[in-house]
Each structure stands twice: as C-alpha cells, then as structure tokens.
Amino acid sequence: MKTESKDKSLFNTVMVATGIFLSRIAGLIRDRVFAHYFGNSDAADAFRAAFRIPNFLQNLFGEGVLSASFIPVYAKLLAEKKFDQATKLARSIAGILSLVISSLVFVGILITPLLIDIIAPGFQGEKRELTILLVRIFFPGAGILVFSAWCLGILNSHGKFFLSYSAPVFWNLIIIITLLFFGDSSTQNDLATYTAAGSVVGSLMQVLIQLPFVLTIVKNVTLRFDTQSREVRTVIKNFIPVFFSRGVVQVSAYVDSLLASLLPTGAVAALSYAQTLYMLPISLFGMSVSAAELPSMSKVIGPQEEIASKLRNRINNSIKRIAFYIVPSTVAFFALGDILVGAIYQTGKFTTHDTFFVWMVLAGSTIGLLAITQSRLYSSAYYAMNDTRTPLKFAIIRVLLTSVTGYYASQYGPLLFHIDMVYGTVGLTITAGLSGWVEYKMLQVSISRKIGTVGLEKKYLFYLWTSALIAATIAFFIKINLHYHPLILAVTLLPLYGVLYFFFAFIFRIEEIMNILKMVGFKK
C-alpha cells in the first residue's frame, strides 16, 4: 500500500513536471523570439515591467493563492466523499472570483499611471507612456488567467495534472505567432503593443482548452455568490494569509524590478531574462512536487499522530526528489550559465555582452535556488493542514530582508567594486537568495516542531553536491577550451554534464537515481 502511494505520488509529479516542462520550453522559445526583436532596449524594459503589474494579479489571485486556499478544502471534501458540497464550493468560488477580479481589472486600468510610478519610478518620457499603454492592455488577460487557476484547482484535486500545467503552451504559442507576424514590419514600440494584445488572446485560449474537461467534473456550472457555507468561509479565511505568504515570490520580484528600474537601461530586461531561466528548475522540480503533493497531503485524514507521521514521510521523500534535481541545476547555472543564456537568447539584437550580463544575474540567483524550492513544499504542507498564518509570518520577514538588502546591494555594490552600475542587478539576485535561506530555515524548524523532524540528511546532500561539482568541473574545462557559438556548446556540454552527474550519483548509490533505474527496468 505504501509502495502504491509512493508510485502514485511519483506519477503525479511526473505529470505536473511534464506539463510544466512543455510550457516552460514554449516560454523559452517565446523569450528567444522576443530577445531577437527587442534585445535589452527601452521597449524591452517597458514590456517586461508592464507585464509584471497585471501578472501580479494573476499569480496572487490565481494559481498561487487560489491553489493554496481552495485545493485543501475542496480536496478534503472529495476525500470525505461529500461530492455535492464540493461542487457547490467550486461554483461559489467561481462566482466570487468573477466579481472580485472584474472589479480589480477595472480599477487597475484606471490607476495604471500611479502603478507605474510605484513599480518603475525610474521610467520617464516615451518609455513611461509605452509602459502605461502595455499595462492597460495586459490587465484583462491577467483577469482571464485567474480562471485558468480555478480550472487547475479542480483538475488537480481530481488527480488530473497534465492538462492544467501544459495549457500555458497555447498562451506562449499565440505570443510567438504575434512576434513573428509583426516583427519585421513594425517599430519596437508598435511590436510591443501588438504582442501585449496577443497575450490577451493567448490567455483566453489557455482557459478555453481546460474548460470542457472541467465541465465534465463540475456539471451545470452556474455562478454562485454563497459566502455563508462553512467551506466557502474557510477558503476566504485562508485567502488573506496565503495572499501574502504565497505571493512573496511575486512581491520579491516586484521589489527587484522596482530597484532594477533605477539602474541603467537593460537592467529590468536582463533580470527578466535571468528569472525565466531561474524559474525553470523551480517550476519543474520544486513546483511540480509541491503541486502534486498539495491535494494528496490535504486528503490525509485520521488521528493527529497518524496525520503527522504521513505528512512527515511525504515531505522527507519529496524533498529528496527536489534536491536531486535542484542541486545540479544550481551548479549548472553557475558554471555553465553563459552557454545556456547564449544558446537561448544570443541572436539579433541580443549580443555576446548581453549574454555575459544575464549570466552574471543568473549566477547570483543560484544562491537561493535550493532554499526556495524546499520552502514551497514546506508551505504546501502548512496549507494542507489549514495553517496559513505561519508561512505568512516568515514570508513577511523574507520580503523585508529582500527589500532592504537588495536596495543597498544594487545601489552601492557597483560603487564598492568600481564596476558599471547596471551590475547592481546581480546584487539584487544574490540578496534575494540569501533572504530565501532565512525563510527556509524558519519554515523547516517550525514544521519540524509540529510534525517531527523533516529535512535532508547531510550525507545525502554531500553526495549530491560532489556529483554535481565533479561533473561541472569536467564540462567547464571543456567549455573554456572550445570556441563555438553557445548553441553548439549547449547541445554538447549540457547533455554531457547531465550524464556525468547521473553517473557519479550512481557511483554514490544515491536513492533517487536507483529509483529511476528501477522504473526503467534496471536490475541490480
């Protein structure tokens, strides 16, 4: 029974990871096309900054908060076989969302100039006007994507993970088509406007592709505005704490974007390019495990000691899986990030200098990669237990640390080392990573007191880091002796690095590699 549960958990994780992988690959292709036409120009800065404002609405009211506040309640009703109540809850949340999000989109469009002054105070003149226009176009699309998260919550709770996480492929596809269609015949400012409009169309496509499958589960969907039922009130009660705690990644990103807007041209765009790559392992190996585990942890019922034991086992097994992939990702970004950045972005207006700059920003991001992915799982465990306030406290501390240290690092770091001010962006990513470790440690200690000791064994971590560092050292020395386009280096050295990492992991008999070998039929 335990093996069956473990296999199902692994299968769900694979489904989430596959869906995310496809959508992230589509996102990387989108960014490559975007970089070809925009580089690190003013229009690129404006587009990236504009996208962050309505995207904040989507991430907080959408997948981030809605998943953490809605899924635990909805999934528990399913576990208790209260299907009618689950359906009523889904309809009520859809009704409440439609009212709240429509209002926020309307207000957001009206106060866009004020939002620009807050988020990107360094933008002036034509650059500021373009950003205002783009934000107003983006807002309706962000509102639509909130309902994509509602679909995700329902599908995930019923064990259907792949569709909801692969749906963003259609959003990316529409943007790519828009860029290619208008790219050669438009000015950069016009192209940015057309691309923003394409994003709204893509948002609608992302929802429509999921809706038929949702309707087979929640039949006769009618919008309800019932706020009196116990389940709806539980979701609403959990919503506000989760809004801040789960949204800390978005808040931190906004702080970084705001501070980057105070730096020379290219800082905002470079930060965005780096974050696209940085978020890839977080999504594939952190978010996939956490997303697959949230409904399962929410369905754990029984005596308190039994619940604690089951949660502890799930967390410790899942966190090994996360670290097995995050550790080599961290080392690869640091040692081989230049060929990765160059392979994806170095084309058209994106030069070798831009590649080096984005690599430095990406290398700074690696500081907190392992901590942030583990924190997502710990937070999901708290949400499954309907404790949304504990992660909130730690999230606030992280945001404050990120804001204060990020400001000083970005503004005074370049002066201290006598380098170009634009490299203050690297200081932003380093300090954000360090703040992430503080949040992680507080979460780990707190949840260990609640359900028993959780975390990675030192021996396991030692083997992971040793395997990754040996593999990276070999790949790095090959890299510095070859002088080819980054794309050629990437398709040769990155697979080599991966094979070497798995080889040394096998030598050390790391549990996760042995499980993978068993899955493909390898016998000891």
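The model is predicted.

Start with the aromatic rings. A pair of such rings is described by two things: the distance of the centres and the angle of the planes. In this model, the count comes to 27 aromatic pairs. Take Phe181 and Phe182 as one of them. Their ring centres are 4.9 Å apart. Their planes meet at 80 degrees, and an angle over 60 counts as edge-to-face, so this pair is edge-to-face. Phe503 and Phe504 also form an edge-to-face pair. Here the centres lie 5.3 Å apart, with 70 degrees between the planes.

Now look at accessibility. Phe181 has 62% relative accessibility, which is over 50%, so Phe181 counts as exposed. Phe182 has a relative accessible area of 28% and is partly exposed. In the other pair, Phe503 is partly exposed at 44%. Phe504 has 17%, which is under 20%, so Phe504 is buried.

Rings can also gather in a cluster. Phe34, Phe38, Phe47, Phe51, Phe138 and Trp171 form one aromatic cluster. Elsewhere, the charged end of Arg509 sits over the ring of Phe506, at 4.4 Å from the centre.

Finally, find Lys219. This residue is in the loop between helix 8 (188–217) and helix 9 (230–245). Lys219 has 51% relative accessibility, and the cut-off for exposed is over 50%, so Lys219 counts as exposed. Ala371 is 152 residues away from Lys219 along the chain. The C-alpha atoms of these two residues are separated by 41 Å.

Definitions and conventions: Residues numbered from 1 in each chain as written. Predicted model: local features only at pLDDT ≥ 70, side-chain atom pairs only at ≥ 80, totals over all residues. Heavy atoms only, no water. Helix = DSSP H or I, 4+ residues; strand = E, 2+ residues; numbered from the N terminus. Buried < 20%, exposed > 50% of the residue type's maximum accessible area, 1.4 Å probe, protein only. Phe/Tyr/Trp six-rings, centres within 6.5 Å; stacked < 30°, edge-to-face > 60°. Lys NZ or Arg CZ within 6 Å of the ring centre and 35° of its normal.
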